[in-house]
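Here is a short walk through one protein model. Start with the overall form, then move to the side chains.

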Amino acid sequence: MLPPVQVSPLIKFTRYSALLVGMIYGKKRYDYLKPIAEEERRVEAEEKKKREELERIAKELAEASEDSILK
């Protein structure tokens, strides 16, 4: 097995700097996208409620039409 190689301090500094910059960028991007995603979820929940209400009404109308005079 070969002995470990001494890594240049410049390379170490560059790698850790890139890691830190990536973490900062990720945090800022997350903070930017989080409210947008919450708004999309809220709108989707409202649409789901409306869709369920329409399905319930359609189901009631279907049941009402089955109980028509023809029976």
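At 38% relative accessibility, Glu 39 counts as partly exposed (buried is under 20% relative accessible area, exposed over 50%, partly exposed in between, with a 1.4 Å probe and protein chains only). Arg 42 is partly exposed too, at 40%. The side chains of Glu 39 and Arg 42 meet in a salt bridge, 2.4 Å from N to O (a side-chain nitrogen of Lys or Arg within 4 Å of a carboxyl oxygen of Asp or Glu). Both lie in helix H1, three residues apart, about one turn of the helix.

This is a predicted model: local features need pLDDT of at least 70, side-chain atom pairs count only at pLDDT 80 or more, and totals for chains, interfaces and linings use all residues. Residues are numbered from 1 along each chain as its sequence is written, and side-chain values use heavy atoms, with hydrogens and water left out.

Arg 42 has another partner. Glu 46 forms a salt bridge with Arg 42, with the closest N and O atoms 2.5 Å apart.

Now step back. The protein has one helix and zero strands (DSSP runs, numbered from the N terminus: helices are H or I of at least four residues, strands E of at least two). Helix H1 covers residues 9–66. The C-alpha trace spans about 90 × 35 × 5 Å along its principal axes. Of the 71 residues, 0% count as buried.
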